[in-house]
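Dear colleague,

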Amino acid sequence: MLRSVKEIKRYAVSAFLLAALLIGAACPALAARSTTQASTDTLSQASEIAEQISENAPSIDAAAFKKAMSDINVLDPQLAKELSADRKKALDGFVSGIRSAWTSADRSAVGIQAIEVYRVLQEALPRGPKAIPVQVAQLDYVGFKVKALLSASSVNWLQVSETVREASTWWAAIEPYTS
């Protein structure tokens with residue numbers, strides 16, 4: 001179990017760096033991905049918006065938040081076509097959670113709900129033999145989730161530990177493919 005905020009932050013930074021290395025020069029074979037599918041584009045665009053909301057939750061201004069949520073709304077009809085009913089229901093719940101957290105001025109919850117949107121969308125991306133493994137996106141998710149959890153006025157250390165424990169299983173799945 002992680003014992004301090006400093007140790008958690010060190011882990012989060014490591015997760016970000018690991019994702020960057022895997023996507024970059026360290027694993028070029030894993031970095032190749034198809035850009036021809038419209039579903040991949042839509043899911044990726046929505047994922048990027050959710051990631052930006054999460055990353056900027058502590059300081060995002062109202063105009064940027066409104067724009068990001070508008071962009072998500074524009075993509076919603078296509079997302080409805082691309083996602084299974086269960087994933088769409090989860091997505092809608094998290095998007096609603098983002099709005100509720102914003103209304104109640106709970107920036108930590110905005111970040112957590114947004115990164116859950118990111119996770120749903122990343123896990124829905126089509127995976128092929130040369131695609132980036134879903135575990136890379138899941139490690140990215142962990143870094144953002146830990147950051148959001150640590151920004152809460154009262155840190156839920158049990159949830160932080162569970163998130164970090166989950167990350168270790170994802171790392172174990174891709175570690176053999178890294179150099």
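This is a predicted model. I begin with helix H7, which is mostly covered, as 16 of its 17 residues are buried. H7 reaches 24 Å from its first C-alpha to its last, close to the 24 Å expected at 1.5 Å a residue.

The largest nonpolar core has 43 residues, and those touching the most other members are Ile53, Leu79, Leu91, Ile98, Val110, Val117 and Leu121. At least two residues of this core come from each of the helices H3, H4, H5, H6, H7 and H8, with H7 giving the most, 10 residues. Leaving aside its neighbours within four places in sequence, Val110 is in contact with Ile53, Ala57, Phe65, Ile98, Ala101 and Trp102.

Turning to charged residues, the whole structure contains six salt bridges. One of them joins Lys145 and Glu116, with the closest N and O atoms 3.3 Å apart. Lys145 lies in helix H7 and Glu116 in helix H6, so this pair ties together parts that are 29 residues apart in sequence. Both partners are buried: Lys145 has a relative accessibility of 9% and Glu116 one of 11%.

Glu166 and Arg119 also meet in a salt bridge, at 2.9 Å from N to O. Because Glu166 lies in helix H8 and Arg119 in helix H6, the pair ties together parts 47 residues apart in sequence. Here Glu166 is partly exposed at 25%, whereas Arg119 is buried at 18%.

Finally, a salt bridge of 2.6 Å, N to O, links the side chains of Asp76 and Lys88.

Yours sincerely

Technical notes:
Residues are numbered from 1 along each chain as its sequence is written. This is a predicted model: local features need pLDDT of at least 70, side-chain atom pairs count only at pLDDT 80 or more; totals for chains, interfaces and linings use all residues. Side-chain values use heavy atoms; hydrogens and water are left out. A nonpolar core is a set of buried Ala, Val, Leu, Ile, Met, Phe, Trp, Tyr and Cys residues joined through side-chain atoms within 4.5 Å. Buried means under 20% relative accessible area, exposed over 50%, partly exposed in between (1.4 Å probe, protein chains only). Helices (H or I, at least four residues) and strands (E, at least two) are DSSP runs, numbered from the N terminus. Contact means heavy atoms within 4.5 Å. The expected span of a helix is 1.5 Å times one less than its number of residues. A salt bridge is a side-chain nitrogen of Lys or Arg within 4 Å of a carboxyl oxygen of Asp or Glu.
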